[in-house]
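Okay, thanks for coming, everyone.

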Amino acid sequence: MVGMSGASAGPVIFILAAGEGTRMQSQLPKVLHKVLGRTLIEHVIDAANDLNPSQLVVVVGAHRELVEEVVSKVSPGAKIVVQEKRGGTGHAVRIALESVKVSAETPILVLAGDIPLITSTTLQSLLDTHVAEQNSATVLTAQIDDPEGYGRIVRDESDGILRIVEDRDATEIEREITEINSSVYVFNSHDLVDSLSKINNKNAQGEEYLTDAIGVLQSAGKRVEPVIVEDFIEILGVNDRFQLSECTALLRDRINLHWMKSGVTMIDPTTVWIDPTVSLSQDVVIYPEVALAGNTSIESGVVIGARTTLINCEVKSGANIRDSYCDGAQIGTEATVGPFSYLRPGTILEKGVKVGAYVEVKGSQIGAGSKVPHLSYIGDTTIGVGTNIGAATVTVNYDGVEKHQTVIGDHVRIGSDTMLVAPLSIGDGAYTAAGSVITEDVPAGSMGVGRARQRNILGWVLRKRSGSDSARAAEKHAK
Ligand code: UD1
Ligand code: CA
């Protein structure tokens, strides 16, 4: 990807994403597993792209078509190179190097595709340190309590880095080391090329380890510097489903903290899951067990009650949503939704609309102040302003083959349990009688009645159910 301003082209960045991810036990390649709605690789690419790289190279291998598809969608400028078979991280970097043209002193930032919490701030400062200190290689490291599985940083007497030893190749004593390799490095391109020509695959995995390049440079007397990351969560790698869940929870906490600092109230932030793509405003209040996903945006003063999921929704100021599932809906100013409403794509609720319990709305626009309070289905419908839809009303929009539209005017009163058989139009100010099946248009100001007239068969229970409790109850009214 070419830098935005040609004059100050950003760094060259390699992202390694060719591994199988065997430990995930999945049909899906590891880097396509998601953390808060975004694939692992996309998290890493986003952080990398914030540095405005002059070249971004992604190394793919296992399930390459699937990974390529995602990479080219989220970062069309990225160069994709293929590692035919897993030869190790060192081998992957060598392939990436073959695909770029760089001068000897160009710093190259290398990172793994499975560290979703890495931030561009950390990447930039690692790069700045590398350049300022004129290092040959700079390694991002971390102190962690449970270093199992990670490469360990072996330091010398003067506290410099000696080499990196992989967990599987480490001695008992080396395993005690709690400083680990994050898999984020900056190398001088020349030194990288040179050191990779000197590594081999004589190790537990029979792979060429990029980590060995560090030891090679160190013994050649080059400047190799470890930089300890400020917040270790940034470098946590996802290798199995447990680590996936850990990273998801940590990203949740990071996002929630950000929103709380920006003026959002959360009653229980441990149960609120907000995708990084969501935007919130001041004085939004969020109750427990809420998920906000995709391109959801929420204006100020909105209250999101417990157990609500909003996916790609636009919620205007002062709206109140409780115990509801909404996907692709626009919820207007001061509208109220729920409890137990289901809003589907194409729903537009204007100002002050009320959608109540057990109501489903799809592909419909409901005008200001109108109400659908109970047990209804509204599909492919437009409703004017100030209209009330009685309980258990259904827009019968599907004839078994095609969908049809219903148009309901302003200040209409639809009686409870009305079936509105589309295509249909109900004029302004019209009424329908409760229990009607309305198959023909109702003109403005008219009462639409579409049901059999009631008849009472007097004395039927006394004759047909004599001796029953009902009959006894009725007897005292006889004569
Ligand atoms: C790697 C590091 C380890 C570090 C850890 C941090 C090596 C040898 N080890 O171990 O020191 O502590 O990351 O998370 O580098 N990949 C390829 N091609 C390959 C092999 C791997 O592209 O042939 C990619 C993977 O897709 C992955 C990344 O490189 O994104 C790291 O590989 P992985 O197998 O996860 O290495 P770790 O064992 O985690
Ligand atoms: Ca890993």
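Let's start at Pro339, which you'll find in the loop between β23 (336-337) and β24 (341-343). Do keep in mind that this is a predicted model. What kind of peptide bond runs from Gly338 to Pro339? That bond is cis, and its omega is near 0 degrees.

While you have Pro339 on screen, look across to Gly305. Gly305 belongs to the loop between β17 (303-304) and β18 (309-311). Along the chain, Gly305 and Pro339 are 34 residues apart, and their C-alpha atoms are separated by 8.7 Å. Is Gly305 buried or exposed? Gly305 has 5% relative accessibility, and the cut-off for buried is under 20%, so Gly305 counts as buried.

There's another cis bond to show you. Jump to Ala422 and Pro423: the peptide bond joining them is cis, with omega at about 0 degrees. Pro423 also lies in a loop, the one between β36 (419-421) and β37 (424-426).

Staying with the backbone, let's do phi angles. Asn52 isn't a glycine, yet its phi is positive, about 55 degrees. You'll find Asn52 in the loop between α1 (40-49) and β4 (55-60). Then go to Asp283, again not a glycine, and again with a positive phi, here about 60 degrees. Asp283 sits in the loop between β13 (272-274) and β14 (285-286). How does Asp283 score on accessibility, buried or exposed? Its relative accessible area is 52%, and exposed means over 50%, so Asp283 is exposed.

Okay, on to the ligand. Where does ligand 1 sit? It's in the largest pocket. Which elements give two or more residues to the shell around ligand 1? Those are β1 (12-17), α3 (89-98) and β10 (179-188). The largest share of that shell comes from β10, with 3 residues.

In total, 24 residues surround ligand 1, and the closest are Leu16, Gln83, Thr89, Glu166 and Asn181. If you sort that shell by class, you get 7 nonpolar, 12 polar and 5 charged residues.

Now zoom in on the oxygen atoms of the ligand. Arg86 puts a polar side-chain atom 2.9 Å from an oxygen atom of ligand 1. With Gly87 it's the backbone: an N or O atom there lies 3.3 Å from an oxygen atom of ligand 1. Gly113 also comes in through its backbone, with a polar atom 3.3 Å from an oxygen atom of the ligand.

Next, a couple of serines. Ser189 is in helix α6 (residues 189-196). Its relative accessibility is 3%, which is under the 20% cut-off, so Ser189 counts as buried. Who's the partner for its side chain? A polar atom of the Ser189 side chain lies 2.7 Å from the backbone oxygen of Ser103.

While you're there, find Thr106, in the loop between α3 and β6 (107-112). Thr106 and Ser189 are 83 residues apart along the chain, but their C-alpha atoms are separated by 5.5 Å. Thr106 has 18% relative accessibility, and because buried means under 20%, Thr106 counts as buried.

The other serine is Ser136, in the loop between α4 (120-132) and β7 (137-143). Ser136 has a relative accessible area of 4%, so by that under-20% cut-off it's buried. Which side chain does the Ser136 side chain meet in a polar contact? That would be Asp191, at 2.7 Å.

Last stop, Arg64, in helix α2 (residues 64-74). Its relative accessibility is 29%, which falls between the 20% and 50% cut-offs, so Arg64 counts as partly exposed. Val81 is 17 residues away from Arg64 along the chain, and the C-alpha atoms of the two are separated by 9.6 Å.

Conventions
Residues numbered from 1 in each chain as written. Chains lettered and ligands numbered in written order. Predicted model: local features only at pLDDT ≥ 70, side-chain atom pairs only at ≥ 80, totals over all residues. Heavy atoms only, no water. Near = heavy atom within 4 Å. Polar contact = N/O pair within 3.5 Å; in protein donor to acceptor, adjacent residues only side chain to side chain. 1 Å grid on protein atoms, 1.4 Å probe; cavity = no way out; pocket = protein on both sides within 12 Å on 5 of 7 lines; lining within 4 Å. Sits in = over half its atoms within 2 Å of the grid points. Helix = DSSP H or I, 4+ residues; strand = E, 2+ residues; numbered from the N terminus. Nonpolar A, V, L, I, M, F, W, Y, C, P; charged D, E, K, R; others polar. Buried < 20%, exposed > 50% of the residue type's maximum accessible area, 1.4 Å probe, protein only.
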